[in-house]
Amino acid sequence: MNYCSRWLWALMLAVLAAPALQAKEELVTLPKRDTVQLTIYNSVDLTLVQETRTLSFKKGNNRLQFSWAQTLIDPTSVEFRALTQGDKLEVLDTSYPAESNEMLIWTISAEADVSARVEISYFTSGLTWSAQYVGMLAADEASMTLTAYVSVTNRSGEEYENAQVRLVVGSINLVEKINQLAGGERERYKRDAEGEMRRATRESAGKKDIVKEGLSEYYIYTVGGTETIPHGWSKRLESFVQAGVPVSTVYTYDARKYGAGLTKLLTFKNNVEHKLGKEPLPEGTVRLYRTMGGNALSYVGEVATPYIAKNDEIKVNAGADAEVTMKLTRLGLEKKDLAFRRWGGRAEDQSLEGWTTVEDFKLEVKNFRNKDVRFEINLVFGGDFDFDSSAEASKVDFQTRRFAQELKAGSSTQIAFKLTTRNGTNVKNR
Amino acid sequence: MKLRLFAAALPTALACAIIGLSSPTPAEARIKLATLPDREAVAVRFDHPNQVLVEEERTIALQAGVNNIDFSWAGTNIDKGSIVFRPAAADSKVEILSTSYPPGENALTWAVSSPDARSEKFRISYLMGNIQRETSYQAMVSKDETTCSFKHYFKIRNWSGESFAEADFITRDGKKFEKALSQGEAKRVLVNKWDNVKIKKEYVYDLTRQYEGKVLTDYVLVNSKDIGLGQIPLEFGKVRIYQDDGKGTAAFTGEDWGRFTPIGDEMRLNIGTAQDIKVEFKKMVNDVTNRRGNVYDTDELDQYEIKNFKDSEVILTLVLRVDGEWEMMKDASGFESFERMDNETVKFRVKCPPKGAPVLLKFHYQRKDVW
């Protein structure tokens, strides 16, 4: 008997020829799973389970009962398919007994006594996977060894023993949630599955390979060998390790994203130049540590990153570094081009309707560190403005200008810029 | 045959590693044999401004093949996602195969593959919450208020749930001190001491720092080698200031928060109010000019009468604010120097004669295009 079927769900083949629905006693066999493959999606709570079993059919009509008590299987998704002897087997009907919401019975017609491999597939919820990344930065923070992991968590209510696991990277569309179709979350009992975890681990002698392949808009990661993940457990496996990934550090000011002050961002790209780019990186948490002398670590920072396409960029926020500072000072303000609406000849018979302000700013960036740094300062201005600066500034969008420069160790720089803002009737194209 | 050693053997040590030596057991088994490798070295690092990283080393006896190592941390605040487990030797032949997380427990199991039976040293690193840190300083100022001895203290309070029998605590600037620190215990350690640090004393009337018209007394020290500092950035922390009274004893003269001061930057510490210097403000002129409908200019004269009742002359710094577009008039008077710090802020230095002789700062300015 299949180990798990004793407590969760079962496939039973009635050896009595149909019709026998009214019979009070039945003799059944419990064919075990030969293989099981899990295809787990991370964008929605969905797993496609495809299992194969070898069944013996008698000539005539055979009844095959499939039940899934205490699991999160979508009853509308259960499919039967003969992998061998398909020309001799035919599903005549599928019935859902009134007394059970967690069972179906196929009536299968066989042309002769045959033994066939069949596939039963269905959707379940409760199996999820996620990605984690750990970057070990060199002491100079210029490169790192990046290790990617995938974690599979099983809260499906079922134990899939020795399953081949495939993980889908991508975003699919579902019109209904699987766990709603399954009847919602059910109360489940706990098991001590530790022994099974240990046994499963011992059976796998070496590190697993995870093969990545593209499929339409998705990527499929196939974990080498098979895995057993008992209900309630998570398992983390190494997906890849890449040494020597170049990392650049940019001290960034962008008040809308990172708040006041400069934020230290460690940046790398998922591309060939960065020794990555073989496949997209699924969404997950990136944690960075810096290696110190003697294999000691120092925590740098972490970020929850969305899906990183090939050639896209990852920025890890390492927080503020008080040794690189910026100060923006408004040195001068002048109002000019005052325009009045007049309704009489007296001085008081007028009202201001347009004006232009000219503001002089000083931006000072200081690097108190003993190494060269790069900064990127994004300044956002409102209204109809002209911008003129002593240093080169790039236009990020219609209201954002960016200063990006290198700054030597222990040095500072000052950038002057003039902001001319037209208001009221002075606004162009109003 | 073990016995759930985990609970029995570890009444207070809350994070531990157990290596399972049992053969495969069925799911129902509640019995397992485990060894409990001791921690050999523990480092608690404070180099991140908000996080505390704990690193520990343990030597674990491995069998050839796949070994399971359990790590659990009931009652402590370890960030599960931050745990990094690796052989201490860079060229180790041992491989970490997978990490498994049981349901509802602060625990995990590493599957580790070893080519042979061996003892391997592992390093485990993780972020731990509820270890508080605090930097503080003590300045002992000389009687003539030109130098001080400057002591830098680091205080740790351990609410993590874990006790450290022997650990290296490492500050942001790499200072290491070895201490035992029990759960709930706090320790304060002198990590740096600098003597003959030069300080400057300043009297400041600053409307950006206070509105009551008081004169503040500040000490200013620059974190540079020129004055005896400049070795490390000074962390944010409270500075308690004492002064040598010349009789072998010291008096507490005030305290202030010292902001994070990188090398080369200055730390300004307010020790209190200078009661012997009085500043009286009067607005002498406040006229509207050049009115155009709802728009006008102003002509304003702000007068500050300063009296220094001390026996010696002092320099008073006045930091004043005027909003909008304005310019100072040429007949402004009564100051040694001035600096327009930004559009709204101007700083005057006024020489104040001793014994209460008044001096007048006349700040004459015009605002333009007010509405």
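## Confidence of the model

The model as a whole scores ipTM 0.75 and pTM 0.77. Chain B has an average pLDDT of 87, and 90% of its residues score at least 70.

Two stretches of chain B call for caution. Over residues 1–17 of chain B the pLDDT stays under 50, although the model has 33 contacts beyond four places in sequence for this stretch. In residues 20–30 of chain B the pLDDT likewise stays under 50, and here the model has 25 contacts beyond four places in sequence. Where pLDDT is low, the predicted coordinates should not be read in detail.

## Fold and domains of chain A

Chain A contains 3 helices and 28 strands, and of its 430 residues 30% are buried. Among the contacts in chain A with a separation of 6 or more, 72% are accounted for by residues 24 or more positions apart.

The domain assignment divides chain A into domain 1 (3–37 + 47–124), domain 2 (150–242), domain 3 (244–317) and domain 4 (324–424). Between domain 3 and domain 4 of chain A, the C-alpha centres lie 31 Å apart, and the contact between them involves 7 residues of domain 3 and 9 residues of domain 4. On the side of domain 3 of chain A that touches domain 4 of chain A, there are 4 nonpolar, 2 polar and 1 charged residues.

## Domains of chain B

For chain B the assignment gives domain 1 (5–127), domain 2 (131–273) and domain 3 (277–370). The centres of domain 2 and domain 3 of chain B, taken over C-alpha atoms, are separated by 35 Å, and 9 residues of domain 2 are in contact with 11 residues of domain 3. The side of domain 2 of chain B that touches domain 3 of chain B is made up of 5 nonpolar, 2 polar and 2 charged residues.

## A buried position in chain B

Ile60(B) is located in strand β4 of chain B, which spans residues 53–62. Ile60(B) counts as buried because it has 21 C-beta neighbours inside 10 Å, where 20 or more are required. Ile60(B) and Phe122(B) are 62 residues apart along the chain, yet their C-alpha atoms are separated by 7.3 Å.

## Where the two chains meet

Between the chains, 49 residues of chain A are in contact with 56 residues of chain B. Several elements of chain A each supply at least two residues of the side that touches chain B, namely β10 (127–137), α2 (194–203), β16 (234–246), β19 (284–291), β20 (297–305), β22 (324–342) and β23 (350–367). Of these, β22(A) gives the most to the side of chain A that touches chain B, with 9 residues. By class, the residues on this side of chain A comprise 18 nonpolar, 15 polar and 16 charged.

Strand pairing also links the chains, for β16(A) is joined by 4 bridges to strand β7 of chain B (residues 95–101), and the two strands run antiparallel. Within this pairing, Leu237(A) has Ser98(B), in β7(B), as its bridge partner.

Definitions and conventions:
Residues are numbered from 1 along each chain as its sequence is written. Chains are lettered from A and ligands numbered from 1 in the order in which they are written. This is a predicted model: local features need pLDDT of at least 70, side-chain atom pairs count only at pLDDT 80 or more; totals for chains, interfaces and linings use all residues. Ala, Val, Leu, Ile, Met, Phe, Trp, Tyr, Cys and Pro count as nonpolar, Asp, Glu, Lys and Arg as charged, and the others, Gly among them, as polar. Two strands pair if DSSP finds at least two bridges between them. A residue is buried if 20 or more other C-beta atoms lie within 10 Å of its own, exposed if 12 or fewer, and partly exposed in between; C-beta atoms are placed from the backbone. Domain bounds come from an automatic or database domain assignment. pLDDT is the predictor's confidence in each residue, from 0 to 100.
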